[in-house]
Amino acid sequence: MVLHPQIVFLLLGLTSLLVPPCAPFYPNRESLGAIEAQFTDEEITEQGVLRAVAMFMERHPLPNHGPFDPGQLENLSPLTPTSLFQAYYGGPVSAERFSEAIQDIVIGNNFIEVLYEDSEEYFLYCDSFQKANQVIIIKRASIIHDLMNNPNDYEAINNARMKIGELLHIIQKFYSNSNWLEMGQTQPYSGLGRENVAFFPIVQPAQTTCVPCPRKNGVYTCQDNLVEKKLLTSGYRKVGLCINKPQGKCNHGGINDTWQDKAPAGGINKETNDARVSPHHMWHKAAGQQAVLATRDFFISNNGGLLESVGDTLFRTLFSLNGYSLTFVIDVSGSMSDEITAVKKTCFAILDRYKYTQDAPFNYILVPFNDPDVGPLLNTRNVSVLKAAIDDLKPNGGGDCPEMALTGVELALKNSLPRSRINFFSDASAKDVEEKRDSVVSLIEETKSSIHVYLTGMCYRMRSVRKNNEYGQDESNVRKARVQRSTYSDIFHELSDLSGGSYVMTSKVELKNILKDVELSMNTAPVTVLQKRVTSRQLPVPIDQALLDFAISVKSGNSFTLSLQSPNGSSVIDGEMIVDTPTYKLLLIRNPSPQGNWSVITEGNAPRDVIVTGKSIQDFSYQIMHDINGFVLPIEGRPVADKEYILQVKPSGVNGNFSIDEVLILNAQGSVVQSLSAQPLPGSSSGATSVRVRFTSLEPIMVGICGTAAETEKYCRLKTKLVFIEKIRLSRLHDENTMMKPGESINISIVLSNDGTSDHFIINVKDQMNLLTTYSPQNVSLDQGHNITIVSTFSAPAEFNNHTSSLVRVVVKTRGTTPTYNYLTFAVTTIPKNALVVDTEPPNVNFTGSPANCKAEHQHGENCSTYPWELHFEAQDEQSKANLRVTVIRGNQTGVNSWKEGDVMVGNYSSSCCFPYVEIKISDMYGNTQNISLDNSKDPTPTPTETPTVTSTPTITPNATETPTPSATPTVTPTPTITPNATETTTPSATPTPTVTSSATLPPNSILQLKNIIIGCAVVVGVHVLMHIGPVYCIIKKCIT
């Protein structure tokens, strides 16, 4: 075989091609450090969600408040969860549940920086648009499936929020990491993540997209480095499978990109305002604004947002817009007749008094239990239905004394709205502690609901203890258990402490009086001001003007007296004593005045536990974060001792005239163990602050803040939910696949690290849908500083062919002298067989062009239209069939007409010498593009062998002049049909026609020789790379099994 000389030259370089080479917007302000940015992932997500929910509220006004004009809520300034709720409800309704729903989504978004740091599709690096689009489609389908099939399951709701965060991470990076804005696009791309919608055309693998940027003082100036402004492209960064950058491709760029100096030097990312980090920093603000709108449009849009798929009810549930549940978990064993009667007499009156007020719960839940039965569960919005159901409870059975108490609590937590009040009534111990404790503890930590325990007895030990006093407990010893992790008086006390609830052991006779404290739960804006164990007579309590009312709860093991003094020293006599027993008192003060330090006066022989709660929209939220991968991100599970953490604190319901002065770390008894000076986060518009903290012991803690309002007024708030400090950590390995096709199996690895003393650990792994087949080890002994990897195998049944998620919970604990416990949750997802199939082949196009005599004098003036010419084309794609998009890049924009004939798209382009040149791109559903062009602008010489040139090339020269320069030595091929990927010669025609040329100017038979040789090499070597030689594409790809 005689080879064309250019083939020899190309083959010499083929070996190098055959050898396979083996930050987006920043997550949050804590991660920025000294870098400047107007937008972070957290802020984009928050603002996008707020705008979506504001639109939803505008469309669904309350019966007694509204209607709203379009944009009236969405354009609030400032737009915060609190300002939105105040405008919508017209009163003091806490937005804390809504804020936490947003935070769950933000956490899912932030975790991408760790879990998928080497997956280019989550960041849109390296033109990975197709795979990124498929991931969005899969996650969206899985979210909808989970919500529709588990409408009342909080775990499923929380899992959906996390996946929404992951999905939004990709959508938001589209604007910071692609050239969408530089193409002149002023609105978000509505086709991103839409199934069965043609994707915007993408640049081709061999296409140059950038030119080098000049560098000054070590910083690249990249205002005009993009040469491709009509097709989508993104910056290349060395991550994951993207380990070779094709020549001419844009870099991601910035000091964090190891390829920023790789030709063409510079980059195109818009992550920040800082030129050192973001070569296209001048586009940062616009990218952030479009990312906010795209986030909003994911939820609500005219093109089919999530709301349209799941409906109004689930949309409200997803964002916790429904308020709280008032839940009753009642032991109905034979000895509970008196307790059920007490609930009827006391609670029914409270429910009736509040049922038409703004403070009423969204719904009521009843869970009866004994042994062995639990349920049936009642979930109703009608208080009369709840009362009738409690009326119908018939105490009976129960068998032996312990009952299925935790199973009842678990069912209540799963079906109650987040941050609800779970009221638990029993006179017996729990029978199912071993089986259900871990699940209940995890649910408490996830839902943040509080458990309020009313016990009138316990099996064996407690029944005799109750004779000592009406609470049946030595309160000082019980409270001491809060800080001695090894013992609790019972599991119920542990759960009430963990959840920030309350615990009462009383008599059957006194229960009806004590149950009056249920009234405190009828509050749409609950806050805690102070919780402290006291032995002294006087306790100062700061009461600020944002408190609409406040209540003082005091409990003790012995009798005591309670009184209250206002800031001016006068005794308060107009309070309402809701509960008044010798050892438990509850005093309610409505519309307190004046503001300042009030004094709680208690006198008794035993320590007293004082809790001051109130009603106010002024509150705070916090999350524990840590340094990882160069970012500050939320932790998974519980914190460990002797590690440095960052406490992110966000105020809510405050105006601009306030400050957070200190962040407090308190022990379980309410004593301050650390006071940390707080400064506002630079650039934060919410007044957020963050402080670094180290937990030096294994004792549980609470978090509080104190600050200044109205310049001089002191205010304090406290979160009473206990945070347990552990000695073990759990973390997932990075970039592990969590998606399975039917019949497939995957392994997920969790690293268990022991930062404390040597111990023996018990490991438990469970998932909702029983996809777990095995895990190992199930128990292990670890010395201090050692770790081990837990490997869990999950399998999708062969008959599965939908988007279904199963929530997995990994729990590790020990029963040694220093009990410890930590957990981690994640989801595995089953997907359809072809869900991740990506098409990278452009359409096949055949076209013919009629010659035109467009001399220079024919191209201008009034008569140019009298010289017509046409182009006819046929296009087909293996995956997209005839579902193709035709776009005129250059030429007569109205001259193209196309239609479908079976699986083939057929079209004509009509023009005249007024538009002598045309370039058309034909794109498939995945954005793969084939270009065709015809140039009639040349002034042909009068020889019969020379004609105008038709060029078929899969690339575009974006900045080409309107009249391309003709080839110096045009090649004449007498073929009437132009086939860009043709490999066969065609029959000559008697009529001279336009000429086929290619960038390599190789004769067709030589091209065919080269193609066959390369394919042969690929078979031998087993490798697959992409080569472009004129109109011929050779795809050579490494097979990975």
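User: Happy to look at this one with you! In β8, which residue is the bridge partner of V453?

Analyst: Good place to start; this is a predicted model, in which local features need pLDDT of at least 70, side-chain atom pairs count only at pLDDT 80 or more, and totals for chains, interfaces and linings use all residues. Residues are numbered from 1 along each chain as its sequence is written, and side-chain values use heavy atoms, with hydrogens and water left out. Strand β7 (residues 450–455) and β8 pair in the parallel sense over four bridges; strands are DSSP runs of E with at least two residues, helices are runs of H or I with at least four, and both are numbered from the N terminus, while two strands pair if DSSP finds at least two bridges between them. In β8, the partner of V453 is Y503.

User: Thanks! What percentage of the 1041 residues count as buried?

Analyst: The protein has 19 helices and 44 strands. Its accessible surface comes to about 41,500 Å², of which 50% belongs to carbon and sulfur atoms; such areas come from the Shrake-Rupley method with a 1.4 Å probe, and for residues only the protein chains shown count as cover. Buried means under 20% relative accessible area, exposed over 50%, and partly exposed in between, with a 1.4 Å probe and protein chains only. Of the 1041 residues, the buried share is 57%.

User: Is α7 parallel or oblique to α10?

Analyst: Helix α7 (residues 129–149) and helix α10 (residues 306–318) pack with their axes 10 Å apart, at an angle of about 50 degrees; axes are lines fitted to C-alpha atoms, for helices over the stretch in contact, and angles run from 0 to 180 degrees between N-to-C directions. Angles under 35 degrees count as roughly parallel, over 145 as roughly antiparallel, 65 to 115 as roughly perpendicular and the rest as oblique. The angle between α7 and α10 therefore makes α7 oblique.

User: Which residues of α10 make the contact with α7?

Analyst: Contact means heavy atoms within 4.5 Å. On the α7 side, R140, I143, I144, L147 and M148 take part. Their counterparts on α10 are L306, S309, V310, L314 and L318.

User: Is E166 buried or exposed?

Analyst: E166 is found in helix α8 (residues 154–177). Leaving aside residues up to four places away in sequence, E166 touches G108, N109, I112, Y122 and K139. Its relative accessibility is 12%, so E166 counts as buried.

User: Where is P376, the residue with a cis peptide bond from G375?

Analyst: Most residues other than glycine have a negative phi, and most peptide bonds are trans. The bond from G375 to P376 is cis, with omega near 5 degrees. P376 lies in the loop between β4 (363–369) and β5.

User: What is the relative accessibility of R419, given its positive phi?

Analyst: Phi of R419 is near 55 degrees, a positive value in a residue other than glycine. R419 sits in the loop between α13 (405–415) and β6 (421–426). R419 counts as partly exposed because its relative accessibility is 23%.
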